[in-house]
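Subject: Handover of a structure, with notes

Dear colleague,

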Amino acid sequence: MGRAPSGKILKYTYQKLQKNGDTYVYERETRYDPKKKYNVVLSERLLYKIRKGETEPEPTRPRKTPAARRLDAAGEAGAPCPALPDLDAVSASCRRTGALSILDIAGAESGTDRAVKLALDDGDAQKCISLARYLVATGGQSLPAIVEWQMRHELPYKSGITEDIYHDLFTSLGDNETAHQKLFIALNDSNEKHDGVFYDSTTISTYSEKNDDIRYGHSKENDGLPIYKILTLYSLKSNRPIAFYLQLGNIPDNICVSNALTKIDVIRLKKYMLVTDAGFITQENLSIYVRNNIDYLARISNRISWISAIIDDVISDLYDINTIIKTNYDCLDIHGVTKTIWHEFQWTRKYNRGEKHKGDIETMKRRVYVHVFLSEIRHNNESTKFKNNIFSLKDCIEHNVDLTTSQEEFCDKYFEIKNTRNRIIATINNNEYNKTKERKGVFVIISNHIKDTKEALEHYRRREKIEDSYKIEKDKTDGNKPRVWTMETYKGRAYVQFISICYYSWLYKKLRHMKDTLGKENGDPKHDLKSNLAKEKALLKWINETSLHRILLHFDSYQTVQVRQGGKLKSWTGEMTALDRLFIEKLREKTGEEVKTGEKA
């Protein structure tokens with residue numbers, strides 16, 4: 001019995017001599033047909049020709065289309081032949097433009113694009129804006145994917161961005177401190193007062209092993225990796241970060257305040273109040289605020305002696321129902337009282353001047369508003385946890401289990417221990433237990449500017465906006481655990497991420513404004529028509545149910561076609577639905593605050 005046919009396609013070339021002496025070379029593909037018992041030709045195409053007497057191959061012209069052959073035949077018959085268009089002069093492109101048109105609006109209206117162009121030359125500015133828009137439009141897709149993505153999207157940098165291009169850009173930006181400071185100044189070049197400037201830090205873990213600038217420190221991710229630290233200044237008025245700075249991961253926050261004031265001075269912020277958490281507050285830092293006449297609002301540790309004494313004075317008032325603060329969160333669990341004191345700040349002189357000498361202790365008394373708060377929810381949760389720890393440790397003592405040094409110190413404070421012949425008896429010190437328990441859930445905010453208890457709490461709670469910006473940076477700008485060789489490279493990368501956060505901040509601010517105003521009457525008869533309010537309510541429902549990333553993906557389906565012919569350019573974009581047009585219209589619509597800012601500028 002013969003071997004079964006393999007079904008393999010055979011490819012080979014062969015030559016065919018023409019009547020004029022030229023040789024045509026063809027490529028043919030065949031496969032054996034077991035039914036027909038011979039090789040069947042699957043395809044055949046002309047590769048090239050070799051002219052008579054020559055040895056070098058020469059390409060052949062493409063075969064004419066049927067229409068062209070008919071026109072040739074008509075010309076040969078003497079019939080009039082219409083002139084063919086110059087098809088070589090026609091070029092066309094089709095790009096997805098919907099999402100990028102939204103980012104065009106965001107970049108222009110927020111002033112971000114203008115600031116970047118003032119800080120960098122045209123080429124680098126276009127690269128930075130292109131990378132930032134890519135990060136926002138894709139929701140933080142990794143940067144290498146931009147090589148393929150830009151084939152369907154037209155970015156400001158027309159020449160195309162490759163991995164080598166953005167790597168070189170990051171390196172040059174990291175070494176260009178002038179570009180950083182110019183960007184911060186351009187973004188904040190305003191004569192308006194800043195209601196609050198939040199100052200905070202976050203840590204960025206990295207897998208890089210050959211970078212000498214990364215250090216092991218207190219990582220907020222708790223992942224055991226070495227870290228960079230990013231310090232950020234965030235403006236409450238503009239609702240976006242206004243500057244960022246990198247530092248080594250093992251540097252504590254509380255030694256960064258003096259430099260922060262210098263940085264704020266460099267970017268020319270006008271009257272402002274600095275808002276920080278407890279990590280930035282020490283006695284020395286408070287004295288810096290006093291000596292520089294800085295308005296501040298800060299959370300402070302309960303363990304500081306003069307703060308602890310104030311808590312003892314007001315602790316009984318915190319459990320009074322009349323001290324409950326009703327905030328915008330509509331959660332009636334926060335009690336608060338305020339005490340005004342004159343506190344003496346002191347510091348050590350660093351330089352000689354006149355009769356004052358280096359090393360002298362100087363003092364200054366200033367008024368401080370001390371706002372003491374109690375969260376009932378935190379109090380209950382922490383009290384339960386504290387009680388469980390107490391009884392767990394009591395069992396360990398009575399069963400003679402070895403204790404750690406910290407547990408032994410805890411025992412000395414909260415237990416009276418007696419040894420009998422048969423067993424160990426641990427009695428809880430009721431006074432110390434109750435004193436500690438009643439302080440659970442208590443936190444303190446101090447200020448030299450805000451004296452109202454509710455206002456101080458609400459202003460401090462707005463710090464969540466800077467936390468949101470850190471979440472955006474890590475989750476939506478490809479900023480989580482980057483692999484970079486040097487601190488300078490990461491600094492350049494962070495520069496582009498900072499630009500993208502400015503886009504995000506403006507878009508989120510605009511969406512919040514839409515949610516507050518859509519479907520509501522504003523006194524304009526044309527706007528308050530029933531049909532118009534119905535459309536706005538439909539748009540509001542869609543916005544409430546859709547994330548920003550999904551909104552951008554929705555608009556990314558709109559495409560623009562451009563055709564250039566004979567020096568003329570024609571273009572068109574796919575038709576939009578009524579709700580999509582309304583969204584773009586509302587995105588362009590200036591709020592009252594933006595109109596006021598524009599008039600002042």
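This is a predicted model: local features need pLDDT of at least 70, side-chain atom pairs count only at pLDDT 80 or more; totals for chains, interfaces and linings use all residues.

Residues are numbered from 1 along each chain as its sequence is written, and side-chain values use heavy atoms, with hydrogens and water left out.

The largest nonpolar core has 113 residues, among which Leu 183, Val 370, Val 372 and Phe 583 touch the most other members; a core here is a set of buried Ala, Val, Leu, Ile, Met, Phe, Trp, Tyr and Cys residues joined through side-chain atoms within 4.5 Å. Buried means under 20% relative accessible area, exposed over 50%, and partly exposed in between, with a 1.4 Å probe and protein chains only. Helix H16 (residues 487–517) supplies the largest share of this core, 15 residues, where helices (H or I, at least four residues) and strands (E, at least two) are DSSP runs numbered from the N terminus. A second, separate core of 17 residues includes Phe 198, Ile 445, Leu 457 and Tyr 460. Leaving aside neighbours within four places in sequence, Val 372 is in contact (heavy atoms within 4.5 Å) with residues including Ile 310, Val 337, Val 442, Phe 443 and Val 444.

Strand S14 (residues 442–447) is largely enclosed by the rest of the structure, because 6 of its 6 residues are buried. In a regular strand the side chains alternate between the two faces of the sheet. In S14 both faces are covered, with Val 442, Val 444 and Ile 446 buried on one side and Phe 443, Ile 445 and Ser 447 buried on the other. Strand S9 (residues 295–300) pairs with S14 in the antiparallel sense over 4 bridges, pairing being counted if DSSP finds at least two bridges between two strands, and Ile 300 stands opposite Val 444. Strand S11 (residues 361–375) also runs antiparallel to S14, joined to it by 6 bridges, and Tyr 369 has Ser 447 as its bridge partner there.

Asp 556 is buried yet has no salt bridge, and the nearest side chain of opposite charge, Arg 96, is 4.5 Å away; a salt bridge requires a side-chain nitrogen of Lys or Arg within 4 Å of a carboxyl oxygen of Asp or Glu, and in assigning charge Lys and Arg count as positive and Asp and Glu as negative, while His and the chain ends are not counted. A polar contact of 3.0 Å does join the side chains of Asp 556 and His 153, the term denoting a pair of N or O atoms within 3.5 Å, of which, within protein, one must be able to donate a hydrogen and the other to accept it, residues adjacent in sequence counting only if both atoms are side-chain atoms.

Asn 293 lies between helix H9 (283–291) and S9 and counts as exposed at 61% relative accessibility, while Asn 400 lies between helix H11 (376–398) and helix H12 (405–414) and counts as exposed at 60%.

With best regards
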